[in-house]
Every structure is written in structure tokens, then in C-alpha cells.
Amino acid sequence: MGTFARTVVLGAVSAAMLACAVLPPVAGATETVTLHTSFSPDRLGASTTIGFGFDVASADGGLPAPLQSVSLRLPAGIDYLSTTLGLAICQPAALLAHGLTGCSPNSRLGFGSAYVEVPFGQGAGREIPDIQALMGPPHGGNIVVLFYADGREPVYAQIVFEGELIAGSQTLGGSLNAAVPLIPSVAGGPPVSIVRVSTTIGPAGLVYHERVHGHTVSFHPRGVSVPLHCPRGGFAFSATFAFEDGTTTVAKSTVPCPRRR
């Protein structure tokens with residue numbers, strides 16, 4: 001189970017985020033979320049990098065409650081079988097102990113960044129500029145994506161959390177489900193609020209290495225493939241966000257069908 005689909009977010013996305021629509025939050029929710037998704041390249045049947053991001057705001061204009069989980073539903077028909085992403089497994093303990101040097105470059109799946117706000121002070125928003133996605137040990141036959149966040153300020157912390165992928169099929173969309181740990185603002189202090197995330201899953205910016213006839217060869221892995229046919233209205237994504245205050249919000253985003261050449 002070395003590839004992204006053998007038994008599959010937080011760097012800028014390589015293509016501009018495409019138009020998205022947001023569902024009204026469920027009753028009682030105090031947070032609103034705008035979801036962004038993209039394919040790069042955006043061609044039917046092509047190996048692609050999936051861009052995924054979101055913006056969180058509070059309905060009353062204050063800080064949103066800390067995020068606790070994200071469940072992203074993917075479009076049906078994505079080809080997971082031909083990808084060569086994740087040729088190595090990264091162990092969470094090695095990642096926490098040694099950072100990225102503790103895992104093979106062939107375990108990397110994507111990268112991104114996040115923007116957080118601390119619940120005190122003025123102008124306290126800061127970027128966590130380095131978030132990596134790596135192939136983790138499988139769980140129950142499902143792929144596990146490890147997200148490694150290396151924060152320096154306003155929060156100094158190295159955090160690892162997992163997302164489990166339930167693979168889809170030609171007719172049923174898959175899902176990536178991640179529990180997000182609370183990130184303390186200071187030792188013993190209240191957790192920070194995540195207000196913006198941007199990440200990729202795919203070969204853009206990744207270089208793998210393998211030994212061939214005694215020589216090290218570098219190559220770009222193949223990503224998951226966009227379906228050969230675009231459904232009416234485009235490729236639909238949706239995500240459910242749960243917050244520490246007990247509320248949930250659902251957001252939708254659609255990658256439009258590519259223009260015919």
C-alpha cells in the first residue's frame with residue numbers, strides 16, 4: 001500500500017481558487033465558512049493537484065470558535081488507482097521527534113499554510129507558513145494523511161494530526177475526515193482560532209527519488225486523475241466544519257467543467 005490509493009487540507013495553491021458557493025450554517029451556528037477548491041491542471045482525465053482551502057468568520061464580527069474537525073466530501077469518479085503519491089510511509093512519532101527530516105521525501109503528499117488569531121492582544125493574527133501533508137500508516141484499510149504544522153509565532157508548536165480518507169468510486173464520492181487538535185495560544189491559555197487555511201494534495205512542487213541500476217533518479221509523482229466526464233454543473237465538493245462551541249457549519253464549492261479546447 002505505497003501509493004495514494006493503495007488498500008485519499010494545510011503554501012499557496014498552485015492555481016487560483018475557483019468560484020464557490022456557501023450553504024447557510026445550521027441552526028445555532030455562530031461561524032460562517034467559505035470553501036475553495038481547484039484542480040491543477042484542470043483537464044478531464046489528467047493527473048492533477050487538488051487545491052483545498054477555507055475562510056472562517058464569526059457571525060458577530062468577533063473571533064470564530066476554535067475549529068475541532070473537518071470532513072471534506074470529494075466528487076465521484078476521481079481515479080485513485082493510477083497515482084504514485086505516497087511511495088513511503090511516515091510514522092507520526094518520527095515526525096514529532098525529528099520534523100520533516102524524520103520521514104522520507106517520498107511520503108509527502110502536498111503542502112500549505114494557515115492563518116490563526118489569538119484571543120488576546122491587538123493585531124495578533126499570524127500565519128503558520130509551513131504545513132505539510134504526508135502519507136501515514138493506514139487505518140482499517142483506509143489511507144491516512146498526516147498533517148504537520150510547524151508554528152513559530154504567535155504560537156510556537158509542532159503539531160501532527162491525522163485525516164482518514166474513505167476512497168470513493170465512479171458513482172460515489174470519497175471523504176477526507178480530520179480531527180483538528182486545539183492549539184493553545186500560550187501555555188495554559190485559551191486556544192487560537194483558525195481563520196484561513198490553504199493546502200494542496202498532489203504532485204505540484206513535489207520531487208520523489210528512487211534507485212535505478214545503482215543510481216538515484218528524481219521524478220515527479222503522478223497525482224489522482226480528474227474524471228473523464230464532467231457532471232452537469234461541475235465537480236461538487238462539500239465540507240462540514242465542527243467548532244469548540246458545539247456548532248457545525250456546512251460549505252460547498254464547485255470546480256467548473258473545463259472549457260472545451
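Two rings of Phe, Tyr or Trp count as a pair if their centres lie within 6.5 Å. In this predicted model, Phe39, Phe235 and Phe237 form one aromatic cluster. The structure holds six aromatic pairs, and the largest nonpolar core has 49 residues.

**Aromatic rings**

- A pair of aromatic rings is described by the distance of the centres and the angle of the planes.
- The ring centres of Phe52 and Phe54 are 5.8 Å apart and the planes meet at 50°, so this pair is tilted; the tilted class lies between stacked, under 30 degrees, and edge-to-face, over 60.
- Phe52 is buried because its relative accessibility is 3%, with under 20% as the cut-off.
- Phe54 is likewise buried, because its relative accessibility is 2%.
- Tyr115 has the charged end of Arg196 over its ring, 5.2 Å from the ring centre.

**Nonpolar cores**

- In soluble globular proteins, nonpolar side chains tend to be buried together.
- Within the largest core, the residues that touch the most other members are Phe54, Leu109, Val145, Phe237 and Phe241.
- Strand 13, residues 235–243, gives the most to this core, with five residues.
- A second, separate core has eight residues, among them Cys90, Leu95, Leu100 and Cys103.

**Surroundings of Val145**

- Neighbours within four places in sequence aside, Val145 is in contact with Leu109, Ala133, Leu134, Phe161, Glu162, Gly163, Leu176 and Ile201.
- One of these contacts, Leu109, is listed with Val145 among the residues that touch the most other members of the largest core.

Note on methods: Residues numbered from 1 in each chain as written. Predicted model: local features only at pLDDT ≥ 70, side-chain atom pairs only at ≥ 80, totals over all residues. Heavy atoms only, no water. Buried < 20%, exposed > 50% of the residue type's maximum accessible area, 1.4 Å probe, protein only. Lys NZ or Arg CZ within 6 Å of the ring centre and 35° of its normal. Core = buried A, V, L, I, M, F, W, Y, C linked by side-chain atoms within 4.5 Å. Helix = DSSP H or I, 4+ residues; strand = E, 2+ residues; numbered from the N terminus. Contact = heavy atoms within 4.5 Å.
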